[in-house]
Amino acid sequence: MPKKDKPLTAKQEAFAREMAKPRAKQQDAYRAAYDCKRMNYNSISCAASKLMRDPRIAHRIQEIRDAAAKDCRWELQDAAAEGSINGDARLAITESVKLLNDMFGVDGAKAAMAEAGVTIVDDLG
């Protein structure tokens, strides 16, 4: 079976899930997924880098991030559909925007908010 057709192992999946988190670091994701007790920093860095070059893992990370972004967009649409934005909805929108910013940067959050029809008005000015 060619490598590209092989499913990810449980450890590779765990690594991908860790890497899909906002501000993830390769070494930390590797430590979370694999036993590193006898590995030094350079060994962990090399192993994590090798995993990141695997197209199956890169694809899986993107799948996880896309699913998270879709969930965030749903939260924005749901909050916007309520009509008036009360404190709970405002908190949900704020947390969703923070997550989108972490995942995609400010422009990604703005695009998702525009798609959901949400406009944030600054109460301070």
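A nonpolar core is a set of buried Ala, Val, Leu, Ile, Met, Phe, Trp, Tyr and Cys residues joined through side-chain atoms within 4.5 Å, where buried means under 20% relative accessible area with a 1.4 Å probe and protein chains only. The model on screen is predicted, so local features need pLDDT of at least 70 and side-chain atom pairs count only at pLDDT 80 or more, while totals for chains, interfaces and linings use all residues. Residues are numbered from 1 along each chain as its sequence is written, and side-chain values use heavy atoms, with hydrogens and water left out.

Of its 125 residues, 30% count as buried.

Next, select the largest nonpolar core, which has 16 residues, and colour Phe15, Tyr30, Tyr34, Leu51, Ile57 and Ile61, the members that touch the most others. Two or more residues come from each of H1, H2 (26-33), H3 (41-52) and H4 (55-81), with H3 giving the largest share, four residues.

Then select H1, residues 10-19, in which Gln12, Glu13, Phe15, Ala16 and Met19 are buried. These residues lie on the same side of H1 because they cover an arc of only 160° around the axis, taken from the directions from the helix axis to the C-beta atoms.

Finish at Ile57, which, leaving aside neighbours within four places in sequence, is in contact (heavy atoms within 4.5 Å) with Leu8, Gln12, Phe15, Ala16 and Leu51.

Key
Buried < 20%, exposed > 50% of the residue type's maximum accessible area, 1.4 Å probe, protein only.
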